[in-house]
Amino acid sequence: MKAPTFVRSNPCDNRNHSRPNAPVRNCPECGGVVNREIAVKKCNEVEHGALRRRQNRYCIYFGDQLIVVR
Ligand SMILES: [Zn+2]
Ligand SMILES: [Zn+2]
């Protein structure tokens, strides 16, 4: 039997989207929720700074945008 074909509706190809149990709530690349089981965490600027250094475009705790493109 062949593997089922998943409908591709993801806005980006970050692998967290295809994980059944993603370790983060929000995708760092598009900000979309990848794991609703994880409760929303109150984030702060210290955490945002650490996420920015890891090239994350969106907050993985809350989904807010970290790098504003002007
Ligand atoms: Zn994404
Ligand atoms: Zn945040």
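Trainee: Let's start with Arg19. Is it buried or exposed, and why?
Mentor: Arg19 counts as exposed, because 12 C-beta neighbours lie inside 10 Å. The cut-off for exposed is 12 or fewer. Keep in mind that this is a predicted model.

Trainee: Where does Arg19 sit in the chain?
Mentor: In the segment before H1.

Trainee: How far is Arg19 from Val34 in space?
Mentor: 8.1 Å, C-alpha to C-alpha. In sequence, Arg19 and Val34 are 15 residues apart.

Trainee: Back up a bit. How many helices and strands does the chain have?
Mentor: The chain has 1 helix and 0 strands. The helix, H1, covers 45–53.

Trainee: How many residues of H1 are buried?
Mentor: Of its 9 residues, 0 are buried, so H1 lies largely in the open.

Trainee: And what share of the chain is buried?
Mentor: 16% of the 70 residues.

Trainee: New topic. What stands out about the phi of Gln55?
Mentor: Its phi is positive, about 65 degrees, although Gln55 is not a glycine. Most residues other than glycine have a negative phi.

Trainee: Where is Gln55 relative to H1?
Mentor: In the segment after H1.

Trainee: Buried or exposed?
Mentor: Gln55 is exposed, because it has 10 other C-beta atoms within 10 Å.

Trainee: Now Gly63. Which residues does it touch?
Mentor: Gly63 touches Asn26, Gly31, Val33 and Tyr58. That leaves out residues up to four places away in sequence.

Trainee: How far is Gly63 from Cys27?
Mentor: They are 36 residues apart in sequence. In space, Gly63 and Cys27 are 7.3 Å apart, C-alpha to C-alpha.

Trainee: Why is Gly63 partly exposed?
Mentor: Because it has 18 C-beta neighbours inside 10 Å. Buried would take 20 or more. Gly63 is in the segment after H1.

Trainee: And Asp64? What does it contact?
Mentor: Tyr58 and Cys59, leaving aside neighbours within four places in sequence. Tyr58 is also on the contact list of Gly63.

Trainee: Is Asp64 buried or exposed?
Mentor: Exposed, because Asp64 has 11 other C-beta atoms within 10 Å. Asp64 is in the segment after H1.

Trainee: Which glycine lies 9.7 Å from Asp64?
Mentor: Gly32, going C-alpha to C-alpha. Asp64 and Gly32 are 32 residues apart in sequence.

Trainee: Where does Gly32 sit?
Mentor: In the segment before H1. Gly32 is partly exposed, because 15 other C-beta atoms lie within 10 Å.

Trainee: How far is Gly32 from Phe62?
Mentor: 9.6 Å in space, C-alpha to C-alpha. Gly32 and Phe62 are 30 residues apart in sequence.

Definitions and conventions. Residues are numbered from 1 along each chain as its sequence is written. Chains are lettered from A and ligands numbered from 1 in the order in which they are written. This is a predicted model: local features need pLDDT of at least 70, side-chain atom pairs count only at pLDDT 80 or more; totals for chains, interfaces and linings use all residues. Helices (H or I, at least four residues) and strands (E, at least two) are DSSP runs, numbered from the N terminus. Two residues are in contact if their C-beta atoms, placed from the backbone, lie within 7 Å.
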